[in-house]
Each structure stands twice: as structure tokens, then as C-alpha cells.
Amino acid sequence: MNLTFKNKEITGILTVLPSKEVRFEDEMENYPFSVETSLKLKTIMGFEKRRIVEDGVCASDLCIFGLSYLFDNKLLNKEDIDALILVTQTPDYIVPPTSNVIQGRFGLKEDMICMDINQGCTGFVLGLMQAFLLLDQESIHKVVLMNADVLSRKVSRKDRNSNPLIGDGASITIVERSEINNMIYANIKMDGKRAFAIHIPAGGARKPSCPETAIVEMDDIGNMRSQDNLVMKGDEVFMFAQKDVPPMIVSLLDFSNQTKDMVDYFMFHQPNKFMLNKLADKLGIPRDKMPSNVVENLGNSSGVSIPISMTYNLGNRLINERLNLCLAGFGAGLNWASMILEVGNLNFNGMIFF
Amino acid sequence: MKNLKEEVLKTLNDILPEHDFTLDVNFIKEGMIDSFDLVLLVSELDKKFGISIDGENIVPENFSSLNQMVELLINNGAGK
């Protein structure tokens, strides 16, 4: 599905990363690889280090920490927030929405919209789409889009498919109407037939968590996990990304009447380095225009990986200049979405540590 | 063709010395190569032949025998 948005823009991005850093080399013994194989995979897949929360830290804690920083530093006024969107797969509670919890924590005005969206790696692009749609309302001038996940709490330490890569984090993106007469192009696709390629079997109403769902078992390739843990079918997800993402980007470039050379950076979700390099090669995009260093140094934090990449890799550049970016997220759902937009002259674009 | 096969065999022996890849068996069905081995293998073959094997071709059936791997390499521009 192709979408266009007019006269909207990102005006600031703050990412919040956990202070706790875990190094792959300290965890290698959890996985059934030889040391030599592990070290080779480290380079190829980007198993280097990642940031994860301490036990008990929730998505809202990261968001509240980030919002407090913005309020304290007068980068955002509480009373200016007309909508608070939280995209997360790890809400604090099933009920109430975590966005309401955050609203209440700061005593934000009642005359606003709070909205939780359950999305994973597509979450930043989809969240921006939702923010742009809200901004078409006359009474909505400023949307605060929060992407936050603490998926490390749902991943088994002995799951080699997910654990070496998973990271936690949050981002706060301010989205407003633009005075620049700009055009934003996007597309999104979803395929629920492949919904269980990435899933957590227990913990919802279908299969509530109980002592039985916490029993750790070995799968057919030696991963140890329980039904309360995230399951990612690596082969299926890899093939999905290689098969469905490139045509989406080609189609988006065509829809926006742009060429690859007109895009300054392809800021893609970062599942692992190998997958991203293969995508770049297939699309004929120089690897340095598609950063893959976030997963390597900070971990794959699902829907937060794109804004983290924007702050980590483009930092002050997005404050001092405007860049034409192609964003792409792909993952749980299975969903895949992309967007071409100009981003720049931001009021802030930085990282802080929780 | 012969050189490609020899190079593939050498790469396999380097990565997975515990298996005999001269055997006429299906390497995948026999459990000799798993998905992480594929990542290592593709990465080595890309480097060795100066190519980038198309991600869509990284499926187990293309790595089930030496001949399949040679065909995969040729289809991805090796030996040109």
C-alpha cells in the first residue's frame, strides 16, 4: 500500500539506551558453538556488544527518563503535547495502555490522545505514519512518538538465534506540521499468514503464563527456551527480508520518482549485520550508505533501531543540515514498511543513558 | 568447474573439519551444515570469489552437495 503525507516533519529525536552493556565474548559459553566459530560469527553477524536493561526495568521507565530529560532541558513543553504514541511489544501491563501510564506520571493535559501500538521492527515507520495522520487534525499540532522495547527480558539467554543480538532501548521523536512544503512517500505491507515466524507463545489470553510455560526445553537445533520466551524462526525471517524488502524499496523509489543516488542514507532496521549487508548488495547500495553498526555496538532493539541509528550515525548532521533518508522496518507480523523523507535542522538529536 | 569444486571443498573443510564432504550424501539432510554454518560458508565464498551471493539463494537446498554449491556460485557470477 502506497501512502503520501504532506507538510509534516520530524523536529527532534532523543534515544535512551540502557547503561548495562553485555559483550558477546562473555556469553559465548551459553551457545553450542566452538570458540573459533563464535569468533567468526561475531564479525559476520555483528555479535559484538549490546545494551540491555537491568531486571525489572520496563519500557515506560526508559520513556519517562527520556521525557524528563526533554522537559528539564526545555526541549519540550508538557502542555504542547497533543498526542502520545507508544509503539512497543513489551508494554508494562496488558491493561492500561502504557502511554496512559506515562501521561499520568507527568500529569499531562486531558485534552490529548494516548495510544499504544503493538508493533515490532516496523514500529518506527508505522509510528511515523500514525503521527502524520493525527497531525491532519486541526487540534493536533505536536505528536510525541515513543518507540520502546525491553525484549531482552523475553529472550532466553541460551537462544543463539536471538540472544546474541537483542538489545533494549527507547526513542522519543517529535513530529509536527511543517512549514516547508514537503512530500513524504511511504509504503507498507503486512502478511499475517506468517505471523508466527516471530512470536512469544505464552503470556497472552490464548496461553497465559504459568509454571508449565516457564519450563525450559531444547529445540531441534540446541536452543534452550521456554514458552514465555521469544521465538524467532531465523531462516524464515532471513528469507522474508531478502525476498520482500528489496522489491519494496524499488517500488518506493519508483513511487517517489527518485533514484538510489538521490537518497543520502538508507536507515534500515538492523536485525543483524549479515542480513543488512546482503540487502545492501542486492539493492546495489554501497554498504556505507546503509549503516549496520547499531546492532553490532548496541544490539537489535526492534522498532527503536532506526531512530537509534539516526542519532548514533547522523547525530549533529541532522541538526546542521537536511538529509534525504529512506527508512525501512521489517519484522514481526510479518510486516514491512518504508518511507522516504527529508530529515534535518532538528532541534535536538542525541542519545542519553538510563 | 573443477577448480570451483575444489575451492568449495577446501572452504567446507576449513569451516567444518569434522565432516567428510567428499561423501555422496545430502549435506543438509545428514545434518552436516546448519543455518549458522551457511552464514560462515556464504561469507567465505563471497570473499574468495569476490561476489555477493544473492540472499534469496541462501536456502539449504543450494548447499546440499558440492555440485549444488558450484551451480550456486556460477549463478552468482563466480569464475567469470
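The model is predicted: local features need pLDDT of at least 70, side-chain atom pairs count only at pLDDT 80 or more, and totals for chains, interfaces and linings use all residues. Residues are numbered from 1 along each chain as its sequence is written, and side-chain values use heavy atoms, without hydrogens and water.

Helix α7 of chain A spans residues 273-283. Helices here are DSSP runs (H or I, at least four residues), numbered from the N terminus. Of its 11 residues, 9 are buried (under 20% relative accessible area, 1.4 Å probe, protein chains only). Among them are F274(A), M275(A) and L283(A). Their cover includes α6 (234-255) of chain A and α2 (35-49) of chain B. At the helix start, a side-chain oxygen of N272(A) comes within 3.1 Å of the backbone nitrogen of F274(A). Just after the helix, G284(A) has a positive phi of about 70°.

**The interface**

In contact (heavy atoms within 4.5 Å) are 18 residues of chain A and 16 residues of chain B. Carbon and sulfur atoms give 65% of the area buried between these chains; that area is what two parts lose in accessible area (1.4 Å probe) on being put together, summed over both.

| Chain A with chain B | Value |
|---|---|
| Area buried | about 1,500 Å² |
| Salt bridges | 4 |

A salt bridge puts a side-chain nitrogen of Lys or Arg within 4 Å of a carboxyl oxygen of Asp or Glu. K282(A) and E56(B) form one, at 2.6 Å, N to O. On the side of chain A that touches chain B, α2, α6 and α7 of chain A each give two or more residues.

How values were computed
Chains lettered and ligands numbered in written order. Buried < 20%, exposed > 50% of the residue type's maximum accessible area, 1.4 Å probe, protein only. Polar contact = N/O pair within 3.5 Å; in protein donor to acceptor, adjacent residues only side chain to side chain.
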